[in-house]
Amino acid sequence: MSLIKNNIKIEKNPFDLLEKWYKKAKKNEISNPNAMALSTVGPFNKPRTRMVLMKEIKENGIIFYTNSNSRKGNHINDNKNVSINFYWKSIDRQVLISGKIKKISSQESDKYFLTRNRKSQIGAWASKQSQKLKSKSNLKTKFDEIDKKYKGKEIPRPKYWNGYCVYPDSFEFWLQGEGRLHDRVEYKIKSGQWTTKLLYP
Ligand SMILES: Cc1cc2nc3c(=O)[nH]c(=O)nc-3n(C[C@H](O)[C@H](O)[C@H](O)COP(=O)(O)O)c2cc1C
């Protein structure tokens, strides 16, 4: 009976499976297939989740960029445990990842910052991400000031705007199944080796 078939084709390395699913998501999602929910842990062990954009899947980590002075930046400073969730509606799949986070090198962040469009570069300078904003016009004034300051010049990366890499120690690949018999495959790393097991849905 087809219902008992596990439809997730298990790869030895979870990054290969993530790449495979992401490729499929890119073909099917209407927008932002790289959007992921990022959870961090704040003061009093209170978790908080928000969306960020994954910018690169590396051999052993997942990269996104943000303002290090933001709320999430402060959380990350104090607690390196984070989790990520990708949910791709169009292909009925989610991937849950947990691991430790680390700032990437400033050279790597510089390199990526240069590829951003000018408005996003100005935005990174103009926004004190997660701090109290009195009025939207304050932000607009700041934006215009920066725009003027760098007219005809290359905009450097603000030191507080950085890339972060999440180094996973576990993955769960979830694929929607018929009759709620979803497929779940969990990967965990043990002594540098990835092990897998199936989970009940
Ligand atoms: C689809 C989507 C993608 C986003 N991507 C990013 C991102 O890559 N980096 C970022 O700093 N904020 C991103 N944001 C905004 C964050 O969700 C959040 O509002 C902001 O980073 C402040 O979060 P914090 O106060 O928890 O630090 C994105 C929001 C959405 C809806």
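**Close-up views of the predicted model**

**View 1. Strand β2 at the ligand.** Strand β2 supplies the largest share of the shell around the ligand, five residues. This is a predicted model, in which local features need pLDDT of at least 70, side-chain atom pairs count only at pLDDT 80 or more, and totals for chains, interfaces and linings use all residues. Residues are numbered from 1 along each chain as its sequence is written. Helices (H or I, at least four residues) and strands (E, at least two) are DSSP runs, numbered from the N terminus.

View 2. The ligand is surrounded by 16 residues, a residue being near a molecule if its C-beta atom, placed from the backbone, lies within 6 Å of it. The closest are T66, S70, R71, K72 and S130. Elements giving two or more residues to this shell are β2 (47-53), β4 (62-67) and α2 (71-78). By type, the shell residues divide into six nonpolar, six polar and four charged. Here Ala, Val, Leu, Ile, Met, Phe, Trp, Tyr, Cys and Pro count as nonpolar, Asp, Glu, Lys and Arg as charged, and the others, Gly among them, as polar.

**View 3. The largest nonpolar core.** This core has 29 residues. A nonpolar core is a set of buried Ala, Val, Leu, Ile, Met, Phe, Trp, Tyr and Cys residues joined through C-beta atoms within 7 Å. Buried means that 20 or more other C-beta atoms lie within 10 Å of the residue's own; exposed means 12 or fewer; C-beta atoms are placed from the backbone. V82, I84, V95, I97, V166 and F173 have the most contacts inside the core. Strand β7 gives the most to it, with six residues.

**View 4. I84 and its partners.** Leaving aside neighbours within four places in sequence, I84 is in contact with M36, A37, L38, I62, I97 and V166. Contact means C-beta atoms, placed from the backbone, within 7 Å.

View 5. Q121, I122, A124 and W125 are the buried residues of α4. They lie on the same side of α4 because they cover an arc of only 155 degrees around the axis, the arc being that of the directions from the helix axis to the C-beta atoms. Their cover includes α3 (106-115), α5 (136-149) and β7. Exposed K119 and S120 sit on the face of α4 turned away from its buried side.

**View 6. Confidence along the chain.** The protein chain averages a pLDDT of 96, where pLDDT is the predictor's confidence in each residue, from 0 to 100. At least 70 is scored by 98% of the residues.

Key
Contact = placed C-beta atoms within 7 Å.
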